[in-house]
Amino acid sequence: MTDAPMPRVTVLGTGYLGATHAVCMAELGFDVLALDVDEAKVAALSAGELPFFEPELPELLRKTLATGRLRFTTSYAEVADFGDVHFVCVGTPQKSGEFAADLSYVNAAFSSLAPLLQRPCLVVGKSTVPAGTAAGLAGLLSLAPAGAGVRLAWNPEFLREGYAVQDTLEPDRLVFGVADDASEQTLRAVYAPLIAAGVPVVVTDFATAELVKVAANAFLATKISFINAMAEVCEATGADVKALSGALSYDTRIGGRFLNAGIGFGGGCLPKDIRAFMARAGELGVDQALSFLREVDAINLRRRDRAIDLARELTEGTFVDTRVAVLGAAFKPNSDDIRDSPALDVASRLHHQGASVQVYDPQAMDNARRRYPHLSYADSALDAAGDADVVLMLTEWVEFRELDPAVLGAVVAQKRILDGRNALDPARWRNAGWHYRALGRP
Ligand code: UGA
């Protein structure tokens, strides 16, 4: 340990990643100034209100605000003046109508910050970007008034929504993409408590650091689509994908995580990241290397079609004049994020096929209502299921896993359920008189 003062930290962008990073950096003892261009968001965060649902984060936000170590601003000048280390955490969504990533927020953050940097500092990219992006941004930073004193590092983030605090404070690994030793030392100082706790550090170049992130998400998406492809084969053979994945999971080379078959992956990361990765591979002339990701995407989307087919089988061939209860709107449990939510995609398509759809989700109702105003929303799972001809469980919140088939059975019109996440016990539901269907299981 040195006696050097702790670096002052800024965070650009206060979405899921940035807000979590800012709060966790303050929790680690740093003075943190976080920026967002959205004034309403800055006002809410400054008042201790998190604009999205993330377990543990609201308490930690209020705790760190109370220490005086965490502040929020909309001013780039203030950020540039304040920070020794600037973390860029803005989003990189999919471009409309294309597979490629939209880098406009990253470019805007760097071009707004660079001309204001008057003294030596480290700018650290955390956003998920195509390989080669950092090299281009380094050129942009060289225009800063502080010149060579402004360095760049790429430090991808692997946090999962729903576990963001835990994943930030106890990550599986830290990846430092750096071009010089000084940048590595600064990052080591920032992450000193985590490194002291035994978190492994991988020090590498920019391109590798960028690739670690997209490769990790591509691998996870592939693992999910692999088991969903097996589910398709199970359906053709009468086999049970749940038993299959359970048996596979004992092989420690395979492992059981991300091997849950169902209606597949959604969210703001895996779908757009595999598409951006394919787009980048095309630009690099290695599109064949990633052509399998096209199949990963296709398998994933086919599961949603299959869920609709199974629902139709349950309702005897038609959705017209049919009441459908959809349990789940978030793309996964413990989140209010509905970006590319398989549940809402299925719900919306059923609506367009004539069903009367009632949706309930423990946290994502406001987001769902805003984005899918044509659907109807209920106040509880039981409410949604009232008089339903079929119940679709599409996001495996604990609340839905623990539903009592007898209690639900008392309010529905027909005891028919599709378990879109293989999260319910088929025997329990069938014994209670339900017609139970799932993906990849007899
Ligand atoms: C994902 C990665 O897991 C994080 O490591 C990464 O940091 C993050 O993207 C990101 O790039 O920012 P996240 O999008 O929060 O995290 O969600 P996941 O937990 O990966 O789940 C993604 C989707 O896969 C969900 O829709 C989930 O329901 C589905 N899934 C997950 C399955 O269908 N089966 C599984 O076995 C696991």
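Modeller: Strand β10, residues 356-360, is mostly covered, as four of its five residues are buried. This is a predicted model: local features need pLDDT of at least 70, side-chain atom pairs count only at pLDDT 80 or more, and totals for chains, interfaces and linings use all residues. Residues are numbered from 1 along each chain as its sequence is written.

Biologist: What makes a residue buried?

Modeller: A residue is buried if 20 or more other C-beta atoms, placed from the backbone, lie within 10 Å of its own; it is exposed if 12 or fewer do, and partly exposed in between. Four of the five residues in β10 are buried.

Biologist: How do you know that β9 and β10 pair?

Modeller: Strands are DSSP runs of E with at least two residues, helices are runs of H or I with at least four, and both are numbered from the N terminus. Two strands pair if DSSP finds at least two bridges between them. Five bridges join β9 (residues 323-327) to β10, so these parallel strands pair. V326 has V359 as its bridge partner in β10.

Biologist: Which strand do two bridges join to β10?

Modeller: That strand is β11 (residues 376-377), which runs parallel to β10. In β11, Y377 is the bridge partner of V359.

Biologist: Why is the crossover through α15 called right-handed?

Modeller: A crossover is right-handed if, with the strands pointing away from the viewer, the path from the first strand over the helix to the second runs clockwise. The chain passes from β10 through helix α15 (residues 365-371) to β11, and this β-α-β crossover is right-handed.
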